[in-house]
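Subject: Handing over the two-chain model

Hi,

Here is the structure I promised to pass on. Have it open while you read, and my notes follow below.

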Amino acid sequence: MLREENAGELIQGTLEMLILKALARGPLHGYAVVEWIQQTSQQVLKVEEGALYPALHRLELRGLLQAEWGASENNRRAKFYQLTTEGRKRLNAESLRWARLSAAVAFVMQAS
Amino acid sequence: MAPALHQFLLRVKSLFRRRRMGREMAEELEFHQAMLRQRLLRQGIPAAEVDMAATRAFGNVTRWHERLCELWQFRTLENFLRDLSFSARLLRKSPGFTAVALLTLALGVGANTAVFSLINGLLLRPLPVPHGEELAVLRMEEGGSQPRYDFCTPFFRSLEARHDVFADVFAYNPDTLQVQGRSANENIHGVLVSGQFFRALQTAPLLGRYLTPEDDRRGGSAAGLAVVISEHFWESWFNRAPDVVGRKLVIANVPFTVVGVMPKRFIGADPTERPQIFAPLSADPIIDAPRNHIDDGTHAWWLTVGARLQPGITMAQANASLFTVSGPVLHEASDDSSFIVDEEKGHFHFAAEPGSRGFTYARLLFRRPLVAMFGMCGGILLLACLNLASLLMARGAARERELATRLAIGATRGRLIRQLLAESMLIATMGTAAGLAAAPLVSGALAALLTSGNSSLHFDTLLDTSLDLRVFGFAALIAVASAVLIGLVPALQATAGNVNDHIKDGQHARQPYERRKILPRLLLASEVALALVLVVSAGLLATSLVRLFKSGVGFDPRGVVNIAFSMDKQQLEGDALMRLYQQLGEGLSQQPGVKSVSFQFIVPLAHLHWTGRYSARGGSPEIFDMNSVGPNYFGTMRIPLFQGREFRWSDTKTSGLKIILNQSAAKLLFPGEEALGRLVTNVQEQSSYEVVAVVGDTKYRDMRAPAAPAGYVPMMQDEQKKPSLSAVVRVDGPQAPLASAARSLAARLAPSIPEPTLTTMDEVLNNSMSAERMMALLAVFFAGCALLVTAIGLYGTLAYATARRTNEIGIRMALGAQRTRVMAMVFWENALVAAAGSGAGLVAALFASRVLASFLYGTSPRDPWVLLGSVAALTIIASAASLLPALRAARIEPMAAIRYE
């Protein structure tokens, strides 16, 4: 389980949180979301890029995201995702939960 | 909840744009890969390896695309739609089965919905007035078996003045008003209402104002007599004139001012009435002249009384209050101490009951027949469901192999049951829709049967049987219930058991387990039992009706026509009026085909009656049904004249009072003695009458009761100043020309009277048996349907079962079984079921017919002939239905059958 290449594998459900975070600053298409996550995590977090799409569509179905077709930076048609009010609320809740969880895990791991 | 709803809506939306969604998903994924490839190229990966690297980074595109599609799919709904179309295909493939299924179900649903909408119209639908739950209907308890709903004026006026528990107390009496038209008076259906009537019903007038307590005074308010008219009457009489308020209507020769128009939806407090004119109660002495129900005090029981509760008062509180005021009101009402003592003996008291649905006597009359009919309809629907369930089960058995195969390759049982249920649901929905479409027609016809000119109700009585939300809800409930009933049992049965066995057994000859199948037999047997119950009920009701018809009424109703003349508002009276009647009679007797003409005050069996108390000298007084009749009455009616003579025109008031007794009355007053020529005394008036004839007994009040003692007085000696009599005309041949003849005669001889109305005696008799007739007709119809449905069920299941045994039968024959043996074997399979069902049905019928006992005339609910006949009918039908498959089985060619697989 702790093999080298799996170091960046994401816990179930975390991906959705990261997508919400990526979209916090404004609408992005799927590729840009992946790019942002990889860059921001300094290439540590890696996903099989296709796996992003079921997650995006799930969020859209649940009403956390809104999708719209628009032109990309290289002028191709692309589907842009955007947080809904509902999605923003969820992002805040998830951030809080993650902060608590990671702090708690850090405490446990630092205990001697 | 919100995300789930959002998801649901999006998925529903996606259903309709599936292709576009698929394209967009592909495009989205393609865009990502294109961007990915560009990045990889920028990172310096050789062009030849870019595709592979992209796939490594992205994963399998097809797989992701499929995941997305799955995400958006509406699994349950899509499966359901697929099941539906599959079922529709199956049903189309067996049109015979489908037609039978739909027809039987449509019949069951249609009959149920029709009767339910009648019940809804008569028993359930609330009055269209605001806050109906505050309304109450008042009644009187006098210690009898039935409470009374008809009040006298003094009781009502005392109650009306009390406002401790009721905000308003009101009374009304449906009436026929003579309104002056262009040439003559016309009879218009209306209602007399008390002062608080409109206030209690809280419906605003369309125009003008409604009647208030000020209008309900003798002579009307300061502005004179007032009436309110219905929107319908405003249309038909005033052509919707905008200045109708303030115009005059001459009613009973007295001018009334129209002060308001009530909207169409307002029908007063009786759901079966559609009054055209609302007149004040106090105007009764004018409108009903020369009668006067108000001055008759405690002798006229003519009012229906309702009330609206004070806010916050419960029905229990109202009843408690009514109980305490009952004594004082009774004493206030009358000085007649014997009346008060009589009433107090019966613990007389007033009571209130919920009145949101208004009050109608039709409810008291028809509640039980309707409920009994509803029971029969329920039976036929249950029968249709049982029938379909057993047919589906037989078919399910034929599909066992298919289902087993699907189970074996991984379908869940739930999924298969859902699919089988989709089929039954499709049948149920279509059947219900067909039934619902036919229901208004049927219920309209039933309502017409029920209220057809029933003269105890009013002539333009209407029953609103239109479909409303309650009826639709009921139909939907039936549809769901029948779908589950039809489908669930066969579905469970078909998918139960060991997959392996089913696949192996499939079509094979080796099917010992079929013998053990008890459930289909149970279904069929209960179908037979239910059909027998229906047939027995129909047999009993029909026998009773026939006996009622045959029981005779004491006169010959065929070819007798009654023509009613309303003489109460014209000028002539006394002997002058009698001369007018004589002229009318002579005029009528000159019409073609007329054999004889006479007159009568009361048309027998038309729900009106008049009684008198008479005694012989020194004897005790006896109560007689009375009638006032013209010369040659008994000859015209063909009532046997045993002794004495008919009345003559010369039997006037000055020639000494005369009476004719029927046989029972003569025996009662003069047991064992000659009655002719003796004197009898009217107890109330203390006047003596000479008996001039003894005639045969006739039925007078009720078809069902034996003829009662009766007396006839000559119309020429009638106490009423202006009696309204009916001409009795015995006519040979067509009766229709008589109506126009009577109209022109009346227009010539008495121009001011309303058009005379014509009814045949046959109609009167039919109406007096309308409930019986309707029940018997329906029951016979249902019984016929039940027999047909049962035959189809027995035939269908046996045909399926036998077809599946083709192989086995072939082997039996190859081994030497004779054709007759084979035939008997197949035949017995059903005969056993039918015999068991008949046995159970006979027991059930004996219980069920007890409910019918009160509807039966001269027929025991255990009438052996009816029971025997029903069993015989069912046996014949069952045998015929079973014989066909048996014959087919006997014709099987062994070689063909064995090679069959």
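Helices (H or I, at least four residues) and strands (E, at least two) are DSSP runs, numbered from the N terminus. Keep in mind that this is a predicted model, where local features need pLDDT of at least 70, side-chain atom pairs count only at pLDDT 80 or more, and totals for chains, interfaces and linings use all residues. Residues are numbered from 1 along each chain as its sequence is written, while chains are lettered from A and ligands numbered from 1 in the order in which they are written.

Let's start with the sheet in chain A. Three strands make an open, antiparallel sheet in the order E1-E3-E2. Its edges are E1(A) (28–29) and E2(A) (65–71), each pairing on one side only. E2(A) runs antiparallel to E3(A) (residues 77–83) over seven bridges, and Gly70(A) sits opposite Ala78(A) of E3(A).

Now the helices of chain A. The axes of H2(A) (residues 30–40) and H3(A) (residues 52–61) come within 11 Å and cross at roughly 115 degrees; axes are lines fitted to C-alpha atoms, for helices over the stretch in contact, and angles run from 0 to 180 degrees between N-to-C directions. That makes the two helices, H2(A) and H3(A), roughly perpendicular (65 to 115 degrees; under 35 is roughly parallel, over 145 roughly antiparallel, the rest oblique). Gly30(A), Val33(A) and Val34(A) of H2(A) meet Leu52(A), Tyr53(A) and Leu56(A) of H3(A). In contact means that C-beta atoms, placed from the backbone, lie within 7 Å. By class, this contact of H2(A) with H3(A) has five nonpolar, one polar and no charged residues (Ala, Val, Leu, Ile, Met, Phe, Trp, Tyr, Cys and Pro count as nonpolar, Asp, Glu, Lys and Arg as charged, and the others, Gly among them, as polar).

How many residues of chain A are in contact with chain B? There are 17, and they touch 19 residues of chain B. H3(A) gives the most to chain A's side, with five residues. That side of chain A has six nonpolar, four polar and seven charged residues.

Last, chain B. H18(B) (residues 519–550) and H26(B) (residues 819–852) pack at about 40 degrees, with axes 7 Å apart, and are therefore oblique to each other. Their contact, H18(B) with H26(B), divides into 19 nonpolar, six polar and two charged residues.

Cheers

How values were computed: Pairing = 2+ DSSP bridges. Contact = placed C-beta atoms within 7 Å.
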